[in-house]
Amino acid sequence: MSLHTNIGFQLLDTCIYNASGPRCTSLKELIQLDKSHSSLVLSKSSTVLPREGNVKPRYYHNELGSINSMGLPNQGFQYYIDSANAISKPYLISVNGLTLEDTKLIITKILQSNKINGIEINLSCPNIIGKGQLAYDLVEMERYLSEIFIIINQYSFPFLVGLKLPPYFDLHWYPQITNIIKKFNVHYITCINSIGNGLLVDSETESTVIKPKGGMGGIGGQYIKPIGLSNVRNFYLEFQKQNLKIDVIGCGGIESGEDIFEYILCGASAVQIGTQFYREGIKCFPRLQQELKDIMSKKGYRCLDDFKGKLQIIN
């Protein structure tokens, strides 16, 4: 039985790896991921200079999911380039330069290093105070990608490029976003980042559970799984309709092999683990792999392509 998959040209041993965010900020954490059952290593979203992020407490989770307003704490992009020397698996750096010029600088330096397998461009962080999510502004998103790909297209060696997108809630978004993405050599999209500006309340203390932004933060975990599934499904169908070779990565509310099975059934080529990875650490990866294999075995599936994208509509 095989859990092998491809993201663009990159072959992966399994379809399961970490989401950018939890437990991927320090070199120690990246090395732990490299030694784990995660199929690749994805770094924390990097900025030009190191960032402390927002004031604490800025993360909270319960049995249903999580809320965070981290504010992109990270070590700066050069740290993540240098970390490549210690990583043997496919290694991607998540990029969020805060400004277009910073993002262009980071991507240029990553490409010049010739040590990184690819990037995931974060167009959807909901937790930067005073900034909206770029991928909700179609004009600015296209301008941003146009400038970035002027740089990327100067390099001829294989280099994986992905986009991390926010959740979209109306059906008209999917063809509009697709019509922008298809203009560029994007290999994959990740659906979804957390749902921005949610609020969790502690009824005992009668207070918010995090401090930044008046207690508002990105919602993750089981709270958002139905939205994650719908975004994966709608982009998968739109890419199929337009005959585009762009992979969709599922993210949001994955706690079990059954969750992964559902994402792949909706059309995901792979999945990223965020909140559950924060809760459980690297132990989650072999457990999730085995649970997915158990489901496949019961159904008589030998590989992901046996059921990928084959969601049935109820009669």
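**Second pocket**

I started with the lining of the second largest pocket and sorted it by class: seven nonpolar, six polar and three charged residues. I was working on a predicted model throughout. The volume of this second largest pocket came out at about 300 Å³. I found 16 residues in its lining, with Leu 98, Lys 131, Gly 132, Leu 134 and Tyr 144 nearest the centre. Which helix gives the largest share of that lining? I noted α4, residues 138-152, which supplies three residues.

**Largest pocket**

Next I looked up the largest pocket, and its volume is about 820 Å³. Its lining runs to 50 residues, and I wrote down the ones closest to the centre: Ser 20, Gly 21, Pro 22, Lys 44 and Asn 68. I then asked which elements supply at least two lining residues each. My list has the strands β6 (65-68), β8 (118-122) and β14 (216-221), plus the helix α8 (275-280). Sorting this lining by class, I got 15 nonpolar, 24 polar and 11 charged residues.

**α3 against α4**

I took α3 (residues 100-113) to begin with: its axis comes within 10 Å of the α4 axis, and the two cross at roughly 25 degrees. That angle is under 35 degrees, so I put α3 down as roughly parallel to α4. The crossing of α3 past α4 is right-handed.

I listed who touches whom. From α3 I have Leu 100, Thr 103, Lys 104, Ile 107, Thr 108 and Leu 111. On the α4 side they meet Arg 143, Tyr 144, Glu 147, Ile 148, Ile 151 and Ile 152. By class, I count seven nonpolar, two polar and three charged residues in the contact of α3 with α4. Tyr 144 is a name I had already written down, as one of the residues nearest the centre of the second largest pocket.

**α4 against α5**

Then I went on to α5, residues 173-181. I read an angle of about 20 degrees between α4 and α5, with the axes 10 Å apart. So α4 also goes down as roughly parallel to α5. This crossing, too, is right-handed.

Which residues make the contact? From α4 I noted Leu 138, Met 141, Glu 142 and Leu 145. From α5 I noted Trp 173, Gln 176, Ile 177, Ile 180 and Ile 181. The contact of α4 with α5 divides into seven nonpolar residues, one polar and one charged.

Last, I went through the backbone. Most residues other than glycine have a negative phi, and most peptide bonds are trans, so I wanted the exceptions.

I found a cis peptide bond running from Lys 56 to Pro 57, with omega near 0 degrees. I placed Pro 57 in the loop between β4 (41-42) and β5 (59-61).

I found another cis peptide bond between Cys 191 and Ile 192, where omega is about 15 degrees. Ile 192 sits in the loop between β10 (188-191) and β11 (195-199).

For phi, I wrote down Asn 114: its phi is positive, about 55 degrees, and it is not a glycine. Where is Asn 114? I traced it to the loop between α3 and β8. I had both of those elements in my notes already: α3 packs with α4, and β8 supplies at least two residues to the lining of the largest pocket.

How values were computed: Residues numbered from 1 in each chain as written. Predicted model: local features only at pLDDT ≥ 70, side-chain atom pairs only at ≥ 80, totals over all residues. Heavy atoms only, no water. 1 Å grid on protein atoms, 1.4 Å probe; cavity = no way out; pocket = protein on both sides within 12 Å on 5 of 7 lines; lining within 4 Å. Points joined across faces, edges and corners; volume = space filled by probe spheres on them. Helix = DSSP H or I, 4+ residues; strand = E, 2+ residues; numbered from the N terminus. Nonpolar A, V, L, I, M, F, W, Y, C, P; charged D, E, K, R; others polar. Axes fitted to C-alpha atoms, helices over the stretch in contact; angles between N-to-C directions. Parallel < 35°, antiparallel > 145°, perpendicular 65-115°, else oblique. Left-handed = near helix turned anticlockwise from the far one by under 90°. Contact = heavy atoms within 4.5 Å.
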